Every structure is written in structure tokens, then in C-alpha cells.
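Grab a pencil and work through a few exercises on the structure below. Try each task on your own before you read its solution.

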Amino acid sequence: RKAGDDLDGKIPKTKLAKMLYLADFAWYYKHLQSMSGMKYRRIEFGPVPDMYFRAIDELEQDGSISIERKGDAMLIGQNEGAKRMSLRMLSKEEKKLIADIAKKWKSKRTNAIVKFTHEQLPYKLCAPDEIIPYELIIQEDPEYVF
């Protein structure tokens with residue numbers, strides 16, 4: 001099982017997007033710089049990087065991942081035999097933050113993480129479809145960063 005995934009090794013597409021956001025903004029909170037450099041937009045289901053959906057589509061098209069529809073959810077899983085992505089570009093501290101976020105949210109349902117991100121200042125202070133400035137996370141209480 002991978003960090004943050006469901007029992008079957010898959011993770012809901014929305015939950016993955018929120019965990020990505022939390023990692024990026026928590027990193028900014030501590031280091032005043034983005035981990036990824038991506039721009040996040042305020043959409044109905046919470047913050048999401050502009051390139052997220054395109055990246056997921058490309059990973060599915062090249063056979064790295066599969067997407068399974070289960071009710072309203074789209075579950076992402078790594079395909080057997082797919083080339084594993086290298087994490088060498090990430091520092092130990094970045095990997096630890098990602099692991100901490102995954103551990104916190106692993107057993108929680110997708111709607112819980114969506115609700116959490118909707119209650120954060122960056123989401124609340126932006127208008128629909130607006131790019132969310134990283135700087136807004138600095139005003140958040142430490143226990144609500146992720």
C-alpha cells in the first residue's frame with residue numbers, strides 16, 4: 001500500500017489533488033517557497049494546480065496509471081510494470097512532509113480533506129476560479145496548515 005491510498009492501492013483523484021496542495025502550501029508555510037512551483041486555482045472541490053488534470057491524463061495515456069470510476073469517485077492506481085517515478089529530486093525534508101501529510105489523511109475520506117481545504121484561509125479569501133497566492137497560507141494557524 002502506498003501512503004494516502006485506499007486498501008486496494010488506489011487513491012481518489014480529488015484526494016490526491018488535495019494532498020498535493022497541502023504539501024505545497026505546508027512547504028511554503030515553513031520555507032516561504034513552493035515545493036513544486038505550480039499555480040493552484042480555487043475550484044468548487046477545493047484548490048487544484050492548473051496542470052493537474054493534464055498531468056493525470058498524460059500519465060494515464062502513457063500507461064503509468066489507470067483510472068477506475070467507482071460511483072462518483074475516480075480512483076487512480078499505478079499500473080503493474082509501469083516505470084516507477086524517481087523521488088531523487090525530493091529532499092529528505094520534502095519526503096518527510098509528504099509522508100506526514102499522507103499519514104494524517106490516509107484513513108480519512110475524500111470529503112473530509114475537501115472540507116478541510118475549504119476551511120483554510122487561502123481558499124476562503126479567494127474568489128471562484130482565482131489563482132490562490134501561496135502567501136495566504138502564512139496567515140493560517142499552524143495546526144490548520146495540513
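## Exercise 1: Salt bridges

The count comes to seven salt bridges, where a salt bridge is a side-chain nitrogen of Lys or Arg within 4 Å of a carboxyl oxygen of Asp or Glu. A quick heads-up: this is a predicted model, where local features need pLDDT of at least 70, side-chain atom pairs count only at pLDDT 80 or more, and totals for chains, interfaces and linings use all residues. Residues are numbered from 1 along each chain as its sequence is written, and side-chain values use heavy atoms, with hydrogens and water left out.

Task: Find out which parts the salt bridge between glutamate 93 and lysine 30 ties together.

Solution:
- Step 1. The two side chains meet at 3.3 Å, N to O.
- Step 2. Glutamate 93 sits in helix H3 and lysine 30 in helix H1, so the pair ties together parts that are 63 residues apart in sequence. Helices here are DSSP runs (H or I, at least four residues), as are strands (E, at least two), numbered from the N terminus.
- Step 3. Now check the surface: buried means under 20% relative accessible area, exposed over 50%, and partly exposed in between (1.4 Å probe, protein chains only). Lysine 30 is exposed at 61%, and glutamate 93 is partly exposed at 36%.

## Exercise 2: The two sides of H4

Task: Work out which residues of H4 are buried and which exposed residues its other face carries.

Solution:
- Step 1. Ile113, Val114, Phe116 and Thr117 are buried.
- Step 2. Looking down the axis of H4, these buried residues fall within an arc of 160°, so they line one face of the helix. The arc is taken from the directions from the helix axis to the C-beta atoms.
- Step 3. Turned away from that buried side, the other face carries the exposed residues Asn111 and Lys115.
- Step 4. As for neighbours, the buried residues of H4 pack against H1, strand E3 (46-49), H3 and H5, with contact meaning heavy atoms within 4.5 Å.

## Exercise 3: A buried charge

Task: Say what the nearest side chain of opposite charge to glutamate 140 is.

Solution:
- Step 1. Find glutamate 140 in the segment after helix H5 (121-124).
- Step 2. Glutamate 140 is buried yet has no salt bridge, and the nearest side chain of opposite charge is lysine 124, 7.5 Å away. For charges, Lys and Arg count as positive and Asp and Glu as negative, while His and the chain ends are not counted.
- Step 3. Leaving out residues up to four places away in sequence, glutamate 140 touches Tyr29, Gln120, Leu121, Pro122 and Val145.
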